[in-house]
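Morning, everyone. Please have a look at the structure on the screen, and then I'll take you through it.

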Amino acid sequence: MAAPSQHKLTVEIHRTGGPVRYEIPLRDNQTVLDAVTEVQRRFAPDLAYRFACRVGVCGSCAMSVNGIPRWTCRTHVAKVVVDGAISVAPLRNLPVIKDLVCDMASFFEKWTDAEHGAGAVFDGKATRHDPLPAIDPESPRRKAVDAGIECINCAVCYAACDVVAWDQGYLGPAALNRAWTLANDDRAANADAVKAKAQGVGGCGSCHSHGACVAACPVGLNPTQSIAGLKRRSLFELLRGSGS
Amino acid sequence: MSERLLFAVQRVTALILAPLVLIHLGLILWAVEGGLTAAEILSRTQGALGWAMFYGVFVLAASAHGAIGLRNILVEWAALGRPLAGRISMAMAAVLLVLGLRGVWAVIA
């Protein structure tokens with residue numbers, strides 16, 4: 001007969017006030033979000049955590065699992081369990097509101113800062129009355145946009161980034177990745193303002209190319225490469241005298 | 001100086017310094033016979049305008065490169081604000097510049 005511990009899962013949750021351990025059944029195909037939900041339903045109705053879609057689309061369930069930021073709805077317990085236990089904590093680099101819920105405001109504010117450049121709202125070049133612009137999907141600029149466009153705003157990269165931990169003024173991987181997609185979008189009229197913001201204080205120059213964001217990104221984006229693109233363009237446009 | 005210009009200056013000076021540092025290390029190996037002293041080095045380089053020009057460029061690039069790097073370290077690891085980190089780094093650049101140019105002067109004087 002198998003030892004009982006093989007059928008149990010210890011879930012250590014870093015709640016407001018300190019870590020609390022719960023024991024729940026270890027189930028087939030159980031995700032970390034399933035485990036947290038089971039703890040909340042059976043033992044801790046006041047446990048605060050966020051989720052919405054449960055299928056890796058909305059980006060709201062990111063938590064730190066065994067010290068590594070992950071999307072919990074698509075992370076199987078079997079992949080991360082160590083000695084029958086997992087440890088779940090709120091994301092790093094964001095203020096905690098309660099238990100596993102972070103205040104995402106700074107993350108989204110930096111995203112909109114980067115997206116809107118120097119204060120302008122997203123500004124298209126055409127109106128709905130103009131003909132659709134022809135964008136060649138094979139052009140290098142569009143390929144650069146396509147490579148970075150599928151961000152789900154989960155803030156996993158933001159939590160993984162050491163530079164964000166050191167310098168709260170740093171825009172972070174997600175926002176700069178978004179800036180790179182706008183800088184390459186032929187339909188964006190405010191690309192210069194976006195670039196100016198991305199090259200300013202707390203912009204691409206602060207990135208150390210550690211690649212922690214790339215390693216952590218659940219949808220396989222490469223923000224480090226996008227930021228390298230911003231750095232390269234910043235430098236070459238400056239040397240050519242064509243940048244602002 | 002804008003953040004963007006600081007970034008550019010640090011990368012360009014890194015580009016300049018990469019070969020210069022190798023030559024600098026080579027010179028130390030070649031010039032030193034009885035211990036690493038200023039007198040020892042100067043006895044082999046004094047009066048050489050080429051070395052003075054080489055080290056003139058070296059000192060300018062190293063002062064800028066080191067000071068900008070120090071500014072980043074102060075902002076990220078010492079949690080200083082950018083204005084204070086900038087002032088400390090400017091002082092560092094001035095010290096490096098004075099010490100370095102004094103050495104260059106000794107070669108040509």
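Among contacts in chain A between residues at least 6 apart in sequence, what percentage join residues at least 24 apart? It is 64%. A contact here means two residues whose C-beta atoms, placed from the backbone, lie within 7 Å.

Some ground rules. This is a predicted model, where local features need pLDDT of at least 70 and side-chain atom pairs count only at pLDDT 80 or more, while totals for chains, interfaces and linings use all residues. Residues are numbered from 1 along each chain as its sequence is written, and chains are lettered from A and ligands numbered from 1 in the order in which they are written.

Now chain A as a whole. Its C-alpha trace spans about 70 × 40 × 30 Å along the principal axes. The chain has 10 helices and seven strands. Those are DSSP runs, numbered from the N terminus: H or I of at least four residues for helices, E of at least two for strands. Of its 244 residues, 39% are buried. Buried means 20 or more other C-beta atoms within 10 Å of the residue's own, again placed from the backbone; 12 or fewer is exposed, and in between is partly exposed.

Next, helix α7(A), residues 173-183. How many of its residues are buried? 11 of the 11, so this helix is largely enclosed by the rest of the structure. Among them are R178(A) and W180(A). The buried residues pack against α3, α4, α5, α8, α9 and α10 of chain A.

Axes are lines fitted to C-alpha atoms, for helices over the stretch in contact, and angles run from 0 to 180 degrees between N-to-C directions. The two helices are therefore oblique to each other. Oblique is what remains after under 35 degrees (roughly parallel), over 145 (roughly antiparallel) and 65 to 115 (roughly perpendicular). Residues making this contact include L176(A) and W180(A) of α7(A), and I227(A) and L230(A) of α10(A). The contact's residues divide into nine nonpolar, three polar and no charged. Nonpolar covers Ala, Val, Leu, Ile, Met, Phe, Trp, Tyr, Cys and Pro; charged covers Asp, Glu, Lys and Arg; the others, Gly among them, are polar.

Finally, chain B. The contact between the chains takes 11 residues from chain A and nine from chain B. On the chain A side, α10(A) gives the most, with three residues. That side divides into five nonpolar, five polar and one charged.
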